[in-house]
Amino acid sequence: DAEAAVLEATQGKALVLRLALTYGWGRGAAKGRNFCEQWLRLILTGGRVAAFTDQWRTPIYAEDACLAMLAGATHGWDGVLNLAGPERVPRHDFAVQLASEFGFPAGAVQAASASDLVFRDPRPADASLSITRLQGLGFEPRGISADLRAMHSALEHL
């Protein structure tokens, strides 16, 4: 409803962004709050990350999302636009890639099922977003492997 109201009020000239699962290093008040930071902290303290094998997402690195937003503002994009990564993956696969990039064994990630939990707010099993329009506008997010390398590299500058 909010998207429709904004587009109606601006005769379709606003840019409405739908943001996928976003990962990266938090800054300021958000430092330590991103799920990747929490997962890495858990592994560093000897815990194991329980990640769902039955929840699909198209995660995007926060820096890629910011670059897409800047491109949208610079080029005057409008309408509804999904900001997501190019890969649709289960949370578990993402967690295994995260652990691997930071030098932890795959055993640091435990397979879990979302169906075993009761969520206060319902969550869809597949919340992946298509980025066909984003790509058509000339923006291509890097993807999980490249972005996790960038996230790891950024660690020394935090």
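**Fold and cores of a predicted model**

The model is predicted. Along the principal axes, the C-alpha atoms of the protein fill a box of roughly 55 × 40 × 30 Å.

Next, the contacts. Take those between residues at least 6 apart in sequence: 83% of them join residues at least 24 apart.

Now the interior. The protein has 158 residues, and 39% of them are buried. The largest nonpolar core has 22 residues. Within this core, Tyr 23, Cys 36, Trp 39, Phe 94, Leu 98, Leu 148 and Met 151 touch the most other members. Which elements each supply at least two residues of this core? They are helix H2 (35-44), strand E3 (49-52), helix H4 (91-101) and helix H6 (144-154). H2 gives the most, with five residues.

Look at Trp 39. Set aside its neighbours within four places in sequence. Trp 39 is then in contact with Val 49, Ala 51, Arg 91, Phe 94, Ala 95 and Leu 98. A second core is separate and has 10 residues. Ala 20, Ala 71, Leu 81 and Phe 139 are among them.

Finally, the surface and the charges. The protein exposes about 8,900 Å². Carbon and sulfur atoms supply 54% of that area. The protein carries 15 positive and 17 negative charges.

Key:
Residues numbered from 1 in each chain as written. Predicted model: local features only at pLDDT ≥ 70, side-chain atom pairs only at ≥ 80, totals over all residues. Heavy atoms only, no water. Buried < 20%, exposed > 50% of the residue type's maximum accessible area, 1.4 Å probe, protein only. Contact = heavy atoms within 4.5 Å. Areas by Shrake-Rupley, 256 points an atom, 1.4 Å probe, with all protein chains shown as cover. Lys, Arg positive; Asp, Glu negative; His and termini not counted. Charge placed at Lys NZ, Arg CZ, Asp CG, Glu CD. Core = buried A, V, L, I, M, F, W, Y, C linked by side-chain atoms within 4.5 Å. Helix = DSSP H or I, 4+ residues; strand = E, 2+ residues; numbered from the N terminus.
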